[in-house]
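Colleague: I would like to go through the assignments in this structure and ask what each label rests on. Please set each value against its cut-off.

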Amino acid sequence: MATVAPRPETDYSTPIHPVLDQNGRDILQNGNGEQKEGGYKENLNQRLKCPDCNEDPPNLVEEFSSGDMVCGSCGLVLGDRIIDTRSEWRTFANDDQGNDDPSRVGDAMNPLLNGSQLETNIAFGEGARARELHRAQNRAISDKGTKTLLAAYREISNLCDAIGVSKSVQDAAKHIFKMTEDRKMFKSKPQEAVVAGCIFIACRQSDAPRTFREIHSLTKTPKKVIGKTFKALEKMLQTSRDENVTGTFLMVDKYEATATTSAVELCARYCNNLQFKNAHLMEKVSKALAEKSSSLQDLAGRSPLSIAAAAIYMTSHLMGESRTSREIAAVAGVSDGTIRTAYRYMYPCRDQLVEKDWLAPKGTGRMERLPQN
């Protein structure tokens, strides 16, 4: 069993002391007493010896696996945290199939771009010469496909930031766009329509759905075009899943076709934007009301937006944090008349829709707060 030495013994032999001349410069003295000018030099005569064995020359072993300096004769540990200075011949490339390059230079591969991505770009600096070099390099190595992808990715990021979706949704939309470019789809469609469809399907698959109306107001793309693009993208993703095409994101690998966005999925976001004091309770009650209201015969065939807005309108008055139909309409993107019409169908069925646990004394709700229209 190896033991740790309290302090290794050091052997010094003919140390060199700095000597200053009349001008204050360092003078080195050799063994013959001759002086020569020069700077300070490290004393290389220091040697590490085992204090137990006291062998000369010492039998020291560097154990890089544990990072210790050990005496090979008695096993005494003379030092720790030894750095392994040997060459490392592992490969850190993304593709290990026949790639034996041990270099780890450069950033990690970006799956959203094509090519090796290890390029040298000349910056657009000051001076005419620098600008000429920048333009010449762009003409020499211009990759139209990469430029198209980068432009689309920038547009996707800007649009997703505008509606406040997460980074995972942005990456999913970019990955879907990359798949369409690789398959050469939508050659005749404008890029704005493809971007709108990618954002729509990425939001829906990430449980953060947006309606066609919201995507239309965001991208200015007609709803009919967005719907056609969405159907084509959905078919492509289903085919990729059936063919076991490995995607970068789990959303593509485990893609499942979804139905129309329900009113329950919209309530959480609408309640968030209305800034209720007890947002969690309002979201919970409005979701339950929207789910029950969907089964009402009078509301059959109505838009999920109007059902969700009417459920929130009813919940806000029931729980004492009332919001006007105009305030809710501004958030939901429907008219206040549509909300009031849907609420008129819900009010006669209030005893069936409202649960007893929401009302006093268990809850904070009161039926008399509900407006008649």
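Modeller: Two strands are taken as paired if DSSP finds at least two bridges between them. Helices (H or I, at least four residues) and strands (E, at least two) are DSSP runs, numbered from the N terminus. This is a predicted model, where local features need pLDDT of at least 70 and side-chain atom pairs count only at pLDDT 80 or more, while totals for chains, interfaces and linings use all residues. Residues are numbered from 1 along each chain as its sequence is written, and side-chain values use heavy atoms, with hydrogens and water left out.

Colleague: What makes β6, β7 and β8 a sheet, and in which order do they stand?

Modeller: The 3 strands form an open sheet in the order β6-β7-β8, with antiparallel pairing. β6 (60-63) and β8 stand at the edges with a single partner strand each, so one side of each has no neighbour in the sheet. Neighbouring strands are turned by 20 degrees against each other on average, direction ignored; the axes behind that angle are lines fitted to C-alpha atoms, for helices over the stretch in contact, and angles run from 0 to 180 degrees between N-to-C directions.

Colleague: How do you know that β6 and β7 pair, and over how many bridges?

Modeller: The two strands share 4 bridges in the antiparallel sense, and the rule asks for at least two. Leu60 has Cys71 in β7 as its bridge partner, and Glu62 has Met69. The two strands form a hairpin with 4 residues between them, and Gly67 in the turn has a positive phi of about 75 degrees.

Colleague: Why is β7 called covered on both faces?

Modeller: Buried means under 20% relative accessible area, exposed over 50%, and partly exposed in between (1.4 Å probe, protein chains only). Asp68 and Val70 on one side of β7, and Met69 and Cys71 on the other, are all buried.

Colleague: What makes Asp171 and Lys167 a salt bridge?

Modeller: The term requires a side-chain nitrogen of Lys or Arg within 4 Å of a carboxyl oxygen of Asp or Glu. The closest N and O atoms of Asp171 and Lys167 are 3.0 Å apart, so the pair qualifies. The two residues are 4 apart in helix α3 (residues 167-182), about one helical turn. Asp171 counts as buried at 17% relative accessibility, whereas Lys167 is exposed at 52%.

Colleague: How many salt bridges does the rule give, and which residue does Glu132 pair with?

Modeller: The count comes to 8 salt bridges. Glu132 pairs with Arg129, with the closest N and O atoms 3.7 Å apart. They lie 3 residues apart in helix α1 (residues 128-140), separated by about one helical turn. Glu132 is partly exposed at 44% relative accessible area, and Arg129 is exposed at 59%.

Colleague: Where in the chain do the partners Glu355 and Lys292 lie?

Modeller: Their side chains meet in a salt bridge at 3.3 Å, N to O. The pair links distant parts of the chain: Glu355 is in the segment after α13 (350-353) and Lys292 in helix α9 (residues 279-293), 63 residues apart. Glu355, at 30% relative accessible area, is partly exposed, and so is Lys292 at 28%.

Colleague: How do you know what span to expect for helix α4?

Modeller: The expected span is 1.5 Å times one less than the number of residues. Helix α4 (residues 191-205) has 15 residues and reaches 21 Å from its first C-alpha to its last, close to the 21 Å expected. Of its 15 residues, 13 are buried. Just after α4, Asp207 takes a positive phi of about 60 degrees.

Colleague: Why is Ser157 called buried?

Modeller: Ser157 has 16% relative accessibility, so it falls under the 20% limit. Ser157 lies in helix α2 (residues 144-163). Leaving aside neighbours within four places in sequence, Ser157 is in contact (heavy atoms within 4.5 Å) with Gln170 and Lys174.
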